[in-house]
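Me: I'm new to this one. Can you walk me through it?
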Amino acid sequence: MRGPGPGPRPSRVRARGATIAAFVALAPLLPAAAVAVGTLKVDTALPYVCTLPSGPQAATVRITAAFPERVAVGEEIRPTDVTTTVELPAAAVADLTVLEAATVRAETRLTVGVTQNGQRAEATWRGTSPSLDVPADGPLTLTTTGDVPILTTGGPGDLSLTAGSLGVDLAPSTADGAATVPASLSVTCVPAEAAEGRRVLATVPVSPGATTGEPSAPPTPSTAPSSSSPSSSPASLPSPPPSRPTGREPASGTSGASRSPAAGRTADSGPQAADDTAPGTGAGTEAPRPPAPTCRNDKPTSKSLTAYITGYSNVRKLNGANVIPVSCTLIEQGDPEIVFLPDGVHLLQKSDAELSYKGRRQTPPFEATFLTFGFAPTTATLVLEQVGPMAVESDILLVFPDNIAETYIRAPLVLRVLDVRVNGTRLDVGPSCRTAKPLSSPEPDPAKYPGDHLVLLGKGQLLNGTDASGYVLTSGGPLTGEVTIPAFENCGAGGEDLDRLLTATISGPGNHLKQIQGQTCAVGVEVPTEGQCTEDRQPYVVPKPAR
Amino acid sequence: MKKPMRNVAVVAGAATAAFALAVSPASAVPSTVWTVNPSPANFTAVNSGNIVLSVNGIAMTCTKSNASGTMQSATGNPATVASISAIAFGATGAPCTSVLGNVTTVATTPWTVVAQDYTAATGVTKGYVGNVDAKVTVGACVFRVTGKASGTYTNSTGALAVNSLAGELTVVSSTNCGSAVPVGAKPLFKGTYLVKVAGSTTIPTIVGSNP
């Protein structure tokens, strides 16, 4: 794949060429929250000029594909039913017959420009054709099909896809099935001048909302989201850092997660007031629980809680936002204690937590597809592994009539790379490819909390008799932080060292993180609160990533 | 524990100001005949404004709460003029909240409405909600509150304004709540309910007299 112009890539990465794509880590994990919307079908025929051994020739390239009619930020744009048809003129056929070719197979590489808000990236749509007979005379029509990269963006705005140059690799065979000499013929085609103004294949509106809000199509954050890519150039698509919960508006900040229809329902024997429509009437309208990985504590104590957490992470280097998938956290709730400090009465609570996935302290593996300027699209399978204790510490200042809470979650996590695929080709990263150190964050109290660890802060408050808002301990809410992704080590196999590539591409400071914790399930209490636990005492509430 | 108690006292003071509450000695001869109209009748009550339970300065807010029960004329002083057979705190989609997390309150009923003092000029009955018994859960912290909560009932509006005084409610058991909510803590319960005869828009009245 060749871009139309030189991109601002680091030279050391450029040296690796297009085979190794820049891939972004931690963050770019947008869930495949496919909300069924209308389909935009594209069928475009464009004039191209192809450079054949015999000289430039006019050709017609027809591209068909289907796109979602519109998406929300973070949702996939997955082109489907993609075909590329090249009608090569008779002269091209002559170039083949010179080689005594009887049949030919073709591989196409269509460069598709992706633009949004003035930012540009490129994708390569690859396709292959079955073996075709070479006609005795007349044009040769090659139709190729194949999977193409999925796109996801971190910001709203129309996203346009534009047809660019087309590479056609022909593999001719002689009548007896042997390869011709030479065995292949590469043809480069570019849009003809007459194609100008017609090269836009599709424009997909990307709305700021997380979902379209259509009740008939509940979003389905998958447990291992195949994910997405910021289709952004290094110059930045707008993927704003997660905003902090302001919490100043009552009942607004407690997040959808903790105020889901099922959460916190009380006393279902409660009376029905004549003029109150709320109690007892909501049951029929509850959304089904989205799928989520198993999250059970099989040896609970009376203090055991379980909760899901998920959210976006930005990778600053690539200006992309991604999703860390719905992950299970097991918590042992600490006792809340009253402490008198010089500035007032505090309520302190320290709880221990750990990630849990199939018995291991980690997130589920998640796939991230990255599309970066000038490089081939890359899919990586990643996992965040917990390598030490995770502490959840809340400090609530009790100042009548308000309660102001700050909760710090500290967790040493390493980012492990399980697998990398570049344009579908596996790049062997080896079994131990991971960050050399745990991810780190600016630590407000480094003397008390030494070592590298991620720091997330949740702020919550309850003001003068209004609802609590923001992050509240057992009901969750938004947690934000900033993370530095350290250098990678042990990446590569067979003598190929991928450490520097991954480090150059991904590692760095200032990556914003916004995670949403859902309502906890108090596993060990006698009667779990309805709506907080499933029947087998897993967290009922599955949070959705939010910006 | 001293300091938070003082905070709580401040809470109570500030709260009472709004409602002119308290079980003060009757200005005249105490009522011994309590005429409820209609009687007997079923009633419903829905919160007007938020209901707040606080313990040691930790506030728990319910934006939705409702109750139902029966009411009937009675004699004596104090006299039970109503029985609350069900009371809910929070509702689907609107749980009670606190900075410790969402709060679940399950009441053990019946609770009572007890009349003690009537002011004919204002149509206001002073008394309390009695036999209060509720289990409160926040995450793994579970505690039980029992006691009573002072309040007033105003005939013109049907407003049952509950504003408990320090010491009326007590935490009698507590698990996983640490020193935030120990046994013996004195929670406060504050909020207003609008009462209507069930299935109607009729506001019931309570009139005390001393024949």
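Reply: Start with pLDDT, the predictor's confidence in each residue, from 0 to 100. This is a predicted model, where local features need pLDDT of at least 70, side-chain atom pairs count only at pLDDT 80 or more, and totals for chains, interfaces and linings use all residues. Residues are numbered from 1 along each chain as its sequence is written, while chains are lettered from A and ligands numbered from 1 in the order in which they are written.

Me: Where is confidence lowest and highest in chain A?
Reply: Lowest in strand 12 (residues 231–232) of chain A, with a mean of 30. Highest in strand 20 (residues 402–411) of chain A, at 96. Strands (E, at least two residues) and helices (H or I, at least four) are DSSP runs, numbered from the N terminus.

Me: And what does chain A average?
Reply: A pLDDT of 75, and 75% of its residues score at least 70. Over residues 210–285 of chain A, pLDDT stays under 50. Residues 1–36 of chain A also have pLDDT under 50. Where pLDDT is low, the predicted coordinates should not be read in detail.

Me: New topic. Which strands make up the open sheet in chain B?
Reply: Three strands, in the order 6-1-15, with antiparallel pairing. Two strands pair if DSSP finds at least two bridges between them. Strand 6 (74–75) and strand 15 (205–209) of chain B are the edges, each pairing on one side only.

Me: How many bridges join strands 1 and 15 of chain B?
Reply: Five, and strand 1 covers residues 33–37. B:V33 stands opposite B:S209, and B:N37 stands opposite B:T205.

Me: Which residues are on the covered face of strand 15 of chain B?
Reply: B:I206 and B:G208. The uncovered face has B:T205, B:V207 and B:S209.

Me: What about B:K186, buried or exposed?
Reply: Buried, because B:K186 has 22 C-beta neighbours inside 10 Å. The cut-offs: buried means 20 or more other C-beta atoms within 10 Å of a residue's own, exposed means 12 or fewer, partly exposed is in between, and C-beta atoms are placed from the backbone. B:K186 lies in the loop between strand 13 (169–175) and strand 14 (188–197) of chain B.

Me: Which residue is 7.5 Å from B:K186, C-alpha to C-alpha?
Reply: B:N56, which is 130 residues away in sequence.

Me: Last one. What does B:C141 touch?
Reply: Beyond its neighbours within four places in sequence, B:C141 is in contact with A:P336, B:L100, B:N176, B:C177 and B:V181. Contact means C-beta atoms, placed from the backbone, within 7 Å.

Key: Contact = placed C-beta atoms within 7 Å.
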